[in-house]
Amino acid sequence: KDGYELWLDYDKVEALQMKAQLESLFSGFFFFGESPTYDVIRKELEIAGEKMLGKAPVFSQERLGQTQVWLGTREQLSQVLGLDQQAQILELGEDGFWMGPIIFQGKTYFTIVGNRPVGVLYGVFNWLRSIQTGTFDPGTQKSEQPKVKLRMLNHWDNLDRTVERGYAGFSIWDWHKLPGYIDPRYIDYARANASLGINAVSLTNVNANARILTTDFMKKAKVLADIFRPYGIQVFLTARFSAPIEIGGLKTADPLDPEVIAFWKEKTDELYSFIPDFGGFLVKANSEGQPGPHEYQRNHAEGANVLADALAPHGGVLIWRAFVYSHEVDQDRHKQANLEFEPLDGKFRDNVIIQVKNGAIDFMPREPFHPLFGAVENTNLGIEFQITQEYLGQATQLVFLAPMWEEVLRSKTYRPTPASTVAGIIDGSNSGQNLTLMAGVSNIGTDRNWTGHLFGQSNWYAFGRQAWDHTLTSAEIAEEWTKMTFGNSPEVLSKIEEILLESHEAAVNYMMPLGLHHIMGWDHHYGPGPWVTGGRPDWTALYYHQADSLGIGFDRTSSGSNALGQYAPEIVHQWSDPNQIPEKYLLWFHHLPWDFELKSGKTLWEEIGLHYDQGVKTARKMQETWASLESELDPQRFDHVRQLLAIQVSEAEWWRNSCLLYFQTFAKRPFPAEIEQPAGDLEYYKSLRFPTAPGIRPRW
Ligand code: BDP
């Protein structure tokens with residue numbers, strides 16, 4: 001077992017009763033119609049049947065006779081569904097499904113229905129999952145529909161196959177051999193995504209290359225779109241704002257210039273001639289050196305709308321990122337997105353979604369939610385998470401991200417209504433928006449196990465499940481993934497779940513506890529770098545932690561940058577007070593004396609030490625727990641994770657020692673007696689260099 005099969009390795013069903021039931025069901029599937037998606041379902045049932053029962057499923061040609069399972073759309077099954085039932089299924093929307101027993105002429109058929117074939121596919125994957133997790137009951141009815149319309153992976157893949165912030169090898173898109181050669185991985189990738197309900201992918205890096213919009217590359221992208229279509233997956237591409245100059249031969253990319261408008265229209269029309277269901281463009285503009293409308297004194301809405309107008313006749317969506325900041329702006333970086341986007345509320349076309357990172361800085365190990373959520377009323381907002389662990393241990397560390405995403409999604413924004421949450425804004429229930437999006441920056445590459453660290457798979461999985469249903473808890477997702485990946489043994493389950501669920505807090509503790517942020521290594525972002533200085537101030541650590549002889553932390557209250565003022569008054573009120581703000585966000589918003597007393601009665605300096613030390617201890621505990629599973633797991637996966645956990649523990653120690661020794665130079669206080677005393681000296685840690693750390697962006 002090398003991890004290639006992901007969570008779709010369908011264990012043999014041993015329980016006798018379940019086995020008998022499944023053998024019966026697998027002896028007769030009938031599809032009420034035809035669709036390329038049904039071919040995909042047949043293939044999946046073949047894989048599952050072989051693996052779970054050791055035999056191929058039987059696909060019958062007649063509705064009755066030997067048939068046990070019915071599959072089809074609501075329309076296809078209209079003759080056998082009651083009117084009420086049809087109405088209920090219709091309510092489930094484009095991607096929803098219903099499953100359960102239907103009694104027809106005295107015989108019971110286990111039935112899976114969607115409004116479209118892809119709904120049937122989602123139902124089948126859900127059914128197979130329920131078998132694998134031991135929750136399937138053929139007698140009960142179940143229906144689901146996703147909470148968010150676009151459940152999307154963003155690949156930061158370059159055309160030369162390097163991956164920005166990729167830690168799992170190279171890009172799986174082999175542009176050189178496309179369109180002629182179809183790597184079987186494309187199909188396995190589509191299958192994995194569909195099993196979670198992921199229905200959109202942006203193939204290329206947000207730091208975009210205009211060449212992707214040339215005819216040659218459109219032909220290549222078309223092949224991928226054709227492969228993904230039966231799996232219900234739409235293709236998006238990143239559009240470089242200066243493409244009219246770079247590949248259009250124009251002198252300007254001014255979005256209001258008639259020739260530029262014509263360029264985007266022609267390019268878009270051409271794309272749709274190759275990919276009739278093309279999803280749309282994803283754009284990073286005027287951020288970190290990327291070109292954008294500001295070069296022409298136009299704002300983000302003027303920039304976005306020209307692309308949106310080109311897409312609109314085809315039903316396409318324009319996703320414009322809110323990740324904008326500039327060191328030339330005399331404002332705390334935290335505030336810049338709101339300063340630019342709040343005044344543009346209501347100015348974007350209906351087919352525009354603003355894609356907002358979960359927090360205002362940049363995918364830090366923990367961030368309070370982004371203040372744009374709740375700050376605009378007439379703008380579609382989507383959320384962007386980072387599945388690839390750029391700031392969370394890259395591919396050497398096991399960090400399960402579901403708890404972090406859950407924390408953000410459930411955060412109360414208090415706007416537009418007092419009960420609003422981030423999840424309620426992005427799924428439309430609080431905001432009223434119809435166009436909804438959850439995006440995750442992919443962690444997938446050519447490594448045999450897809451994600452570098454085997455447990456990176458749990459983050460791909462968790463993202464897909466939360467995008468489908470953000471009410472699932474991290475614990476539920478951890479349980480599902482563990483059962484699907486390692487089987488149903490109670491001991492394995494409880495130990496791996498424990499590891500998963502404590503891993504994020506552990507990483508926050510040994511990297512950036514109590515609201516510290518952006519203190520990682522320069523550029524590659526690998527390892528600690530609280531001393532990083534020089535160059536752009538907003539890329540240094542000193543800008544963020546502000547440690548001095550008096551204390552530590554970034555004052556973002558009204559006495560400082562007042563970024564806090566961008567949140568709802570309820571939050572401003574609570575978080576302005578260092579005694580009331582949740583301590584996990586303390587130093588994000590407050591600069592406090594080293595002797596400031598925390599809820600524990602200990603000083604800030606002591607608590608910083610205790611948190612770092614606790615992080616190391618938990619990492620060691622994770623390592624021990626894993627070691628205790630040796631006899632329960634296959635040697636290949638066991639050893640892979642064992643080795644990586646040893647690296648993780650040493651990296652946790654490295655983080656703790658570096659940060660504590662460095663902060664001590666300001667605090668000038670001894671370390672708390674109860675922690676392991678940081679070994680080594682600061683100069684040693686500062687001298688370490690990592691020229692081979694992967695995933696650095698190409699130079700612009
Ligand atoms: C940062 C990454 C950088 C990305 C940027 C982005 O370090 O490589 O280009 O995010 O989201 O976290 O655009």
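**A helix pair and a sheet**

Modeller: In this predicted model, helix 5 (residues 184-196) and helix 6 (residues 215-228) have axes that come within 9 Å and cross at roughly 45°. Helix 5 is therefore oblique to helix 6, and the crossing is right-handed. On the side of helix 5, the contact is made by Tyr186, Ile187, Tyr189 and Ala190; helix 6 supplies Leu224, Ile227 and Phe228. Sorted by type, the residues of this contact are 7 nonpolar, no polar and no charged.

Elsewhere there is an open sheet of 5 strands, in the order 1-2-4-3-5 and with mixed pairing. Strand 1 (29-31) and strand 5 (142-144) stand at the edges, and each has a single partner strand, so one side of each is left without a neighbour in the sheet. On average, neighbouring strands are turned by 25° against each other, direction ignored.

Within the sheet, strand 2 (residues 69-73) and strand 4 (residues 107-114) run parallel and are joined by 5 bridges. Trp70 stands opposite Thr111 in strand 4. Helix 4 (residues 117-132) packs on this sheet and touches strand 1, strand 2, strand 3 (97-104), strand 4 and strand 5. The direction of helix 4 makes about 120° with that of strand 4.

Glu91 and Gly424 are 333 residues apart in sequence, with 20 Å between their C-alpha atoms.

Key. Residues numbered from 1 in each chain as written. Predicted model: local features only at pLDDT ≥ 70, side-chain atom pairs only at ≥ 80, totals over all residues. Heavy atoms only, no water. Pairing = 2+ DSSP bridges. Helix = DSSP H or I, 4+ residues; strand = E, 2+ residues; numbered from the N terminus. Axes fitted to C-alpha atoms, helices over the stretch in contact; angles between N-to-C directions. Contact = heavy atoms within 4.5 Å. Parallel < 35°, antiparallel > 145°, perpendicular 65-115°, else oblique. Left-handed = near helix turned anticlockwise from the far one by under 90°. Nonpolar A, V, L, I, M, F, W, Y, C, P; charged D, E, K, R; others polar.
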